[in-house]
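Welcome, and please take a look at the model below. We will walk from a loop to a sheet and end at the ligand.

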Amino acid sequence: MRAAAVFPTERRLAVVEDFPEPKIARPTDVKLRILSVGVCGTDREIASFVYGTPPEGYDYLVLGHEALGEVVETGSEAAGLFAPGDLGIPMVRIPCSDPNCAACRADRQDHCETLQYREHGIMRLHGFMTEYVVVDAKFLAPVPRALGRDAVLVEPMTIAEKAFIQVDHIAARLPWKSQRRAVVVGAGPVGLLGAMALRLRGYEVVVYSLERAPNPASGIVEAVGGRYVSSQDESTEQFAAKEGPFDLVYEAAGAPTAAFEVLKSMGPNGIFVLTGVPGRHGNVEFDTHGIMLNMVLKNQCLLGTVNAGRDAFDLAVADLMKIQSQWPGVLDRIVTGRHKLENFAEPVLRPTGIKNVVDL
Ligand code: BGC
């Protein structure tokens, strides 16, 4: 069967034509026919050979970690959970094997302590940009048919869901205060989905991003009742003076300079969430004294978050369903490009629009 792969030592991308079709091997296995796979910045980093590791024994890594699949077969134990025809989202991260990793042993590999986890399509495990995959039922989140092809947005949505689960824990330290004002930095898919999740939670949302409005992303922000400001129209200082102070900053651009500029302008008791994996570029200088002073004197909290647990997958499905009914059609506007497997290199290396998807 065909699989979209990155060959890091040869520095090339290619469709492997004879990638072996996986078989059900254990009673808990589920075999999926892959329908669609989203492409993100992590894929681009892998395809530029600066990130990602092939599985042991392979000179290539099959790409793809934002997948939607249809169940075609189940092992005997998985049969009670999934049936052929069901839709599911395979989880990205698989636990490490260290018996002392409390997080992985508690099925919270998104908090793995040894960093020996594996990630499909990213780290030491083949990804989902291929025709069939076999995963353990434990790592497959069910999706109702009603979500339709927007379900390919579940994985990027889990980033926001995991973040907001943790924000709720942190915000519990201020029982007298309701979190109200949020700024989302970056208007890519993670930023837009984060903005929608925040709107569902009743936040006032401003998205601060590079491109000037009007543009497709600013239209989406406005459609869900948020506001959009371009950093070309307002510097971070002007923006912060006008819009701040913020209770919550959701950084989804992976741009350290913009992130720390906005951090400087966060309000008292603010929570700053970093979700964007920065590209591997050179160093930037910051006023660390000012940042530290603010963080201490204003009780601020800086939170990094990566990957997601099963709770976030279930919440992502539920929230995407709510978004579909509250703002019909808006999720479709995020997926701006659909591509064939043989052309996967195009959206991976030269993405245009907001979110590109490879349809199998
Ligand atoms: C994925 C996460 C993954 C992270 C780091 C992101 O693109 O969505 O699941 O943990 O990359 O590899």
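In which loop is asparagine 269 found? Asparagine 269 sits in the loop between α7 and β16, where helices (H or I, at least four residues) and strands (E, at least two) are DSSP runs numbered from the N terminus. Before going further, note that this is a predicted model: local features need pLDDT of at least 70, side-chain atom pairs count only at pLDDT 80 or more, and totals for chains, interfaces and linings use all residues. Residues are numbered from 1 along each chain as its sequence is written, and side-chain values use heavy atoms, with hydrogens and water left out.

**Backbone details**

Most residues other than glycine have a negative phi, and most peptide bonds are trans. Asparagine 269, although not a glycine, has a positive phi of about 65°. Alanine 213 and proline 214 are joined by a cis peptide bond with omega of about -5°, and proline 214 belongs to the loop between β13 and α5 (216-223). Another cis bond runs from glycine 244 to proline 245, with omega near -5°; proline 245 lies in the loop between α6 (236-243) and β15.

**The sheet**

Six strands form an open sheet in the order β14-β13-β12-β15-β16-β17, with parallel pairing (two strands pair if DSSP finds at least two bridges between them). At the edges are β14 (227-230) and β17 (301-304), each pairing on one side only. Neighbouring strands are turned by 20° against each other on average, direction ignored; axes are lines fitted to C-alpha atoms, for helices over the stretch in contact, and angles run from 0 to 180 degrees between N-to-C directions.

Strand β16 (residues 271-274) runs parallel to β17 and is joined to it by four bridges. Leucine 274 has glycine 304 in β17 as its bridge partner. Helix α7 (residues 256-264) lies across β12 (181-185), β13 (204-209), β15 (248-251) and β16, at about 175° to β16, with contact meaning heavy atoms within 4.5 Å.

**The ligand**

The residues around the ligand (a heavy atom within 4 Å) include Cys40, Thr42, Arg93 and Asn307. The table gives polar contacts, which are pairs of N or O atoms within 3.5 Å.

| Side chain | Distance to a ligand oxygen |
|---|---|
| Tyrosine 51 | 2.9 Å |
| Histidine 65 | 3.3 Å |
| Glutamate 119 | 2.5 Å |

Taken alone the ligand exposes 310 Å², of which the protein buries 92% (Shrake-Rupley method, 1.4 Å probe).

Key: Polar contact = N/O pair within 3.5 Å; in protein donor to acceptor, adjacent residues only side chain to side chain.
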